[in-house]
Amino acid sequence: MVAAIEDGRFLELAASLSQALWEHPDGPIADLAATKGLRQAHPNAVQDHQSASDALRAHWGHYLGATFYYGGEWYWGLGRLYHLELRLQGLCQRHIGTFELMFAPSHDLRTPVDLPNAPVIDFFFSVRSPYSAIVAQRVFALGRLTGSPVRLRFVLPMVMRGLPVPKAKRRYIALDAAREARARGIPFGRINDPLGLATERGLALIPLAERFGKGQAYVLSFLQGVWTEGIDAGSDRGLRRITERAGLAWSSVQEALRDEGWRATAEANRQTMATMGLWGVPSFHVNGVAVWGQDRLWVVQEAVLAYHQATTRP
């Protein structure tokens with residue numbers, strides 16, 4: 001790859017080299033290189049290239065590969081390329097007559113579907129996760145439209161479990177979540193970070209809300225409060241506003257805040273998530289299909305519909 005870059009042939013050769021590597025990791029890279037007339041770069045040149053690339057990425061403020069950078073904005077993975085496409089099209093950087101997107105975002109279900117015995121959707125989330133905040137109403141809507149119960153599987157955020165979160169990651173996630181929210185018409189952006197006490201208070205009330213059949217209403221109210229309205233959920237005034245509009249009595253809320261049982265539930269949810277090969281939130285599980293990311297809700301939707309087709313097939 002480095003040699004291809006040096007020789008100005010990266011676009012010509014990157015796809016075939018990548019395909020050969022992933023399909024036959026022990027095989028035909030050397031043969032392919034010979035066929036394409038591609039030389040191998042010196043190991044020192046490879047190391048220098050990697051070091052320079054890592055340094056440039058860090059300087060521009062990102063932390064992952066498979067990431068595109070254009071004009072001060074990052075686009076991580078295939079799921080964000082539609083933002084770049086739209087930006088370039090807005091600058092008239094497209095072929096005449098081209099209007100469609102190569103990497104169009106998924107579409108949510110909009111109309112009810114009658115699914116007898118619809119499968120349960122496990123929704124693993126954190127109230128401090130902006131991605132959880134912008135997907136919650138969408139997964140709840142999917143549940144309503146299909147009849148699939150959505151099981152609330154709350155967990156503590158990574159940083160409150162002692163896991164480091166780089167500054168570049170925190171910044172990118174906030175900006176990316178805002179961009180994704182705008183694309184789907186979801187209010188987002190006036191933030192009052194619920195790290196610490198606010199998160200603990202928020203999670204402590206989920207069991208109470210579920211006992212009164214208001215789990216989803218409360219979760220949406222909390223997420224909207226801290227990620228859209230700038231409410232301080234760590235204060236009694238802010239938390240009362242969040243809980244009462246979800247239909248919870250303040251006297252019951254005060255009592256529930258003294259119950260520490262939610263901690264064991266959060267840890268059990270985290271362990272369940274880990275057994276499924278999932279590590280972050282939001283994540284979902286339905287009928288044996290487990291996925292991570294708000295931009296993978298389409299996988300959940302397809303799994304729900306596939307379950308219906310499989311169980312109704314004669």
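**Exercise 1.** In this predicted model, determine which helix gives the most to the lining of the largest pocket.

*Solution.* Begin with the contributing elements: α6 and α7 each supply at least two residues of the lining of the largest pocket. Next, compare the contributions: α7 gives the most, with four residues. Then consider the pocket itself, whose volume is about 710 Å³. Its lining comprises 27 residues, and Arg 128, Ser 129, Pro 130, Val 165 and Ile 173 are the closest to the centre. Finally, sort the lining by class: 19 residues are nonpolar, three are polar and five are charged.

**Exercise 2.** Identify the elements against which the buried residues of α7 pack.

*Solution.* First list buried residues of α7; among them are Tyr 172, Ile 173, Asp 176 and Arg 179. The buried residues of the helix pack against β2 (73-76), α5 (81-90) and α6 (130-146).

**Exercise 3.** Find which element provides the largest share of the lining of the second largest pocket.

*Solution.* The second largest pocket holds about 530 Å³ of space. Two or more lining residues come from each of α1 (2-6), α4 (43-60) and β1 (67-70). The largest share, eight residues, belongs to α4.

Conventions. Residues are numbered from 1 along each chain as its sequence is written. This is a predicted model: local features need pLDDT of at least 70, side-chain atom pairs count only at pLDDT 80 or more; totals for chains, interfaces and linings use all residues. Side-chain values use heavy atoms; hydrogens and water are left out. Buried means under 20% relative accessible area, exposed over 50%, partly exposed in between (1.4 Å probe, protein chains only). Contact means heavy atoms within 4.5 Å. On a 1 Å grid over the protein atoms alone, a cavity is a set of points where a 1.4 Å probe fits but cannot get out, and a pocket is an open set with protein on both sides within 12 Å along at least five of seven lines; lining residues have an atom within 4 Å of a point. Grid points are joined across faces, edges and corners, and a volume is the space filled by probe spheres set on the points. Ala, Val, Leu, Ile, Met, Phe, Trp, Tyr, Cys and Pro count as nonpolar, Asp, Glu, Lys and Arg as charged, and the others, Gly among them, as polar.
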